[in-house]
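Have the viewer open as you read, and follow the contacts from one part to the next.

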Amino acid sequence: MSALRPDLAIIAREVRAGARVLDVGCGDGQLMAALRDTKNVDARGLELNAHDVATAVSRGLSVIQGDADTDLAEYPDGSFDYAILSQTLQTTKRPDLVLDHLVRIGREAFVSFPNFAQWRIRFAHMFGGRMPVTKQLPHLWYDTPNIHHVTIDDFRSLLHERNIEIEGQWFLSGNKPRADRFANLLAQHAVFKLRRK
Amino acid sequence: MALLMQEDTRFGLDKKARLLGPVRLDSGAEFAPVDIAYETYGALNADKSNAILICHALTGDQYVASTHPMTGKDGWWTRMVGAGKPIDPARHCIISINVMGSCMGSSGPASIDPTTGAAYAMAFPVITIPDMVRAQALLLDHLGIETLEAVVGGSMGGMQALSWAALYPERVKSAVVIASTARHSAQNIAFHEVGRQAIMADPRWNNGAYYGDEAPSSGLAVARMAAHITYLSEAGLTEKFGRRLQNRDAKSFGFDADFQVESYLRYQGLSFVDRFDANSYLYITRAMDYFDLAEPHDGVLAKAFAGTKTRFCLISFDSDWLYPTAESRRIVHALNAAGAAVSFVELSSPFGHDAFLLEAPEMNRIVDGFLRAGEQS
């Protein structure tokens, strides 16, 4: 469990043992494997990258190659205890619709994303005058998979608009947990636990 | 145990069993007796939990990992089955069965009808993919194998794997379905019809009664040529042949095989007729055309798998236009709706439908991991 990325470690800690989980954008299945091995979770995954799917399946996980933007509509309402979207929201074409599907498919949902309003990024943008390239967002503007940068405050206002309730929130900077205060300015990553109102 | 298995004459290479049956066919008819030709590799373990059934494609056979007796060629899937491969006789008891309707020893139109003493020819009943599976289930009963660790197949073999999971869910722990489909499309049926008409247009076909006489080889060769095009991709053909000429510097202004691609197809057609029976080709293509797993379930594919505990792994290839990825996705969608544990990947390959028979390390990695995970649970 210690090898998990910090946002995944938070999600892994919060997921109830024995739950049914859909991991959207599951990558090579690291979180799914941890949930299966430590919490006896029945995990299913969706991932765009064929090589990552192959790695996840070779770990014995049930993963379908597919696209969060187009394939989530296939999943019935409330078919999972949790729907998880980690570090993927900012790569989707329609984050708002993906979010709607998450809280529809999962009775609860976890969403984690890098916070584009963290002060280092603001600083780089303001004084560099160019699209920020940082340790957590290392891509150049033309080849970044992150096509919809989002800040914690933007995300909260989208939740409000979509009538989605926050059940829990965790913030990270430098891979360490930090307080809620000034999170939009100070946190590098955010993890939200959500539910449809 | 291994020693005991060796003494059990039901297991080993080049086996044939006569099963009393009858098999109740989808057409309503009953068929008996049923001859089934098969091979096994590797020993069945003490709790009989390591049996893997390999299902072959339209013109395949039971020689999945041993030398073909007529062509002298290696088994047709030695890249997947063998020592150190994902399906390994050191770990698995592998069963490979020639489908009913075929011509490599299992009951088919070329077999002798015991009631007449002559070949069945067109008196052989029209069969379906589920009928083939029912006959395979009889063979497993004969071998004393109740549950399969996995059923694995590509193309028509994948149709059988899906049918196994739908017909006998309690007998199949895992199903691997590669480059396949849950139904034949209008285009699939159309290509098969071209092949069948080519056979039936050959005067030597003689309404199927050609046994003991010359076979309709020209018709069968044309059928094979047309089908072979559907197994390759346009890009693959272009890369392999382009517009290059065959053993000549200029066009002949005649109808010889000027182009390499023509020469290749003619060779494919001619070499096929030596090892395959034209009537079997008619019967098996018909079975594939009749295949629609959703049909008995009011057209709802998910209902074919309702409540299934079988694990599924589906693989498609991006250049396969015979059974394109969309068909695999349709199955995945249905399995999801049925709550099944399902994995799916579309792999990239320039080789079209045939990709599943060729070197594909990623496919092997997936099948290996999928099977091993099933063995742990």
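Chain B puts 22 residues into the contact between the chains, and chain A puts in 14 residues; two residues are in contact if their C-beta atoms, placed from the backbone, lie within 7 Å. This is a predicted model, in which local features need pLDDT of at least 70 and side-chain atom pairs count only at pLDDT 80 or more, while totals for chains, interfaces and linings use all residues. Residues are numbered from 1 along each chain as its sequence is written, and chains are lettered from A and ligands numbered from 1 in the order in which they are written.

On the side of chain B that touches chain A, the elements giving two or more residues are α9 (325-337), β10 (341-347) and α10 of chain B. Helices here are DSSP runs (H or I, at least four residues), as are strands (E, at least two), numbered from the N terminus. The largest share of that side, 9 residues, is supplied by α10(B). By class, the side of chain B that touches chain A holds 11 nonpolar, 6 polar and 5 charged residues. In this scheme Ala, Val, Leu, Ile, Met, Phe, Trp, Tyr, Cys and Pro count as nonpolar, Asp, Glu, Lys and Arg as charged, and the others, Gly among them, as polar.

Helix α3 (residues 50-58) of chain A and helix α10 (residues 361-376) of chain B have axes that come within 7 Å and cross at roughly 30°. Axes are lines fitted to C-alpha atoms, for helices over the stretch in contact, and angles run from 0 to 180 degrees between N-to-C directions. α3(A) and α10(B) are therefore roughly parallel to each other; angles under 35 degrees count as roughly parallel, over 145 as roughly antiparallel, 65 to 115 as roughly perpendicular and the rest as oblique. From α3(A), the contact uses Ala54(A), Val57(A) and Ser58(A), and from α10(B) it uses Glu362(B), Arg365(B), Ile366(B), Asp368(B), Gly369(B) and Phe370(B). Sorted by class, the contact of α3(A) with α10(B) has 4 nonpolar, 2 polar and 3 charged residues.

Next, the chains themselves.

Chain B, with 377 residues, has 21 Å, which agrees with the value near 21 Å for a compact globule. Along the principal axes, the C-alpha trace of chain A spans about 45 × 35 × 35 Å, and the C-alpha atoms of chain B fill a box of roughly 65 × 50 × 45 Å.

Chain B is divided into domain 1 (2-184 + 293-376) and domain 2 (187-285), with bounds that come from an automatic or database domain assignment. The C-alpha centres of the two domains of chain B lie 26 Å apart. Where they meet, 25 residues of domain 1 of chain B are in contact with 22 residues of domain 2 of chain B. The domain 1 side of that contact has 15 nonpolar, 9 polar and 1 charged residues.

Two helix pairs within chain B are worth a look. Helix α5 (residues 217-231) of chain B packs against helix α7 (residues 260-273) of chain B at an angle of about 130°, with axes 8 Å apart. That makes α5(B) oblique to α7(B). Among the residues in the contact are Leu220(B) and Met225(B) of α5(B), and Leu265(B) and Phe272(B) of α7(B).

The axes of helix α2 (residues 129-143) of chain B and helix α3 (residues 156-167) of chain B come within 9 Å and cross at roughly 70°. That makes α2(B) roughly perpendicular to α3(B). The contact of α2(B) with α3(B) has 7 nonpolar, 2 polar and no charged residues.

Finally, some backbone details. A cis peptide bond joins Gly21(B) and Pro22(B), with omega about 0°, and Pro22(B) sits in the loop between β1 (15-19) and β2 (23-24) of chain B.

Technical notes. Rg over C-alpha atoms; globule rule 2.2 N^0.38 Å.
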